[in-house]
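Student: Please take me through this model one step at a time. I would like each term defined where it is used.

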Amino acid sequence: MSDRIVGLGLMILAAWYGWSAGFYEADFSDPVGPAVFPQVLAAMIAALGLWLVFRPDPEPRWDGGMVLVVQGASVVLMLAYALLLVPVGFVVATSVLAGLLAAMLGARPVPAAASGVAVSVCCYVLFTYGLELALPAGKLFAGS
């Protein structure tokens, strides 16, 4: 029963997300428009929700204890990332988030930090030079 409840919740979330994406506007000329990616993502989330509703696990096992603490901490980290992205900039915020998530998944501190920086720099290069999208540099580096 719990899989069906989660599936229904995902379908409601997907419907809201897809609907709200229809209101996105871009200041630049794009033949596809800014709503396409979120609406495709919403369709995939809805399909997952449908799968859970019609093909639930017969005996789902829900983890508790430390697993829930780690999942909750991950959500808090991602919310903090969203709030700090503009003030501290993409490279710093993404480095910290990716490093902390890697550490939470069991990586040692130095490799976790190194992977965080590597992910951040690679994503920055891909988005800035490959896709020509501007990412926030952050107010720390604005040189007030």
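Tutor: Buried means a relative accessible area under 20%, exposed means over 50%, and partly exposed lies in between, using a 1.4 Å probe and protein chains only. The model is predicted: local features need pLDDT of at least 70, side-chain atom pairs count only at pLDDT 80 or more, and totals for chains, interfaces and linings use all residues. Residues are numbered from 1 along each chain as its sequence is written, and side-chain values use heavy atoms, with hydrogens and water left out.

Student: Is Ala14 buried or exposed?

Tutor: Ala14 is found in helix H1, where helices (H or I, at least four residues) and strands (E, at least two) are DSSP runs numbered from the N terminus. The relative accessible area of Ala14 is 4%, and therefore Ala14 counts as buried.

Student: Which residues does Ala14 touch, not counting residues up to four places away in sequence?

Tutor: A contact requires heavy atoms within 4.5 Å. Ala14 and Ala43 are 29 residues apart in sequence, yet their C-alpha atoms lie 6.8 Å apart in space. With residues up to four places away in sequence set aside, Ala14 touches Ala42, Ile45 and Ala46.

Student: Which residues of H2 are buried?

Tutor: Helix H2 takes in residues 36-54, and its 19 residues reach 27 Å from first C-alpha to last, close to the expected 27 Å; the expected span is 1.5 Å times one less than the number of residues. Helix H1 (2-21) is among what covers the buried residues of H2. Those buried residues are Pro38, Ala42, Gly49, Leu52 and Val53.

Student: How wide is the arc that they cover around the axis of H2?

Tutor: An α-helix has 3.6 residues a turn, so residues three or four places apart point the same way. The arc is that of the directions from the helix axis to the C-beta atoms. For the buried residues of H2, from Pro38 to Val53, they lie on the same side of H2 because the arc they cover is only 100°.

Student: Which exposed residues does the face of H2 turned away from its buried side carry?

Tutor: The buried side of H2 includes Ala42 and Gly49. The face turned away from that side carries Phe37, Met44, Trp51 and Phe54.

Student: Which residues does the UniProt annotation "transmembrane region" cover?

Tutor: The annotation comes from an unreviewed entry; UniProt positions are given here in the numbering of this model, feature names are shortened, and annotations may be inferred rather than shown by experiment. According to the record, the annotation covers residues 36-54 and 112-131.

Student: Which residues does Ser120 touch, not counting residues up to four places away in sequence?

Tutor: Ser120 belongs to helix H5 (residues 109-130). Ser120 counts as buried because its relative accessibility is 0%. Leaving out residues up to four places away in sequence, Ser120 touches Phe90, Val91, Thr94 and Ser95.

Student: How far apart do the C-alpha centres of domain 1 and domain 2 lie?

Tutor: The bounds come from an automatic or database domain assignment, which gives domain 1 (1-59) and domain 2 (64-143). Across the whole chain, the C-alpha atoms fill a box of roughly 55 × 45 × 25 Å along the principal axes, and buried residues make up 20% of the 144 residues. The C-alpha centres of the two domains are separated by 24 Å.
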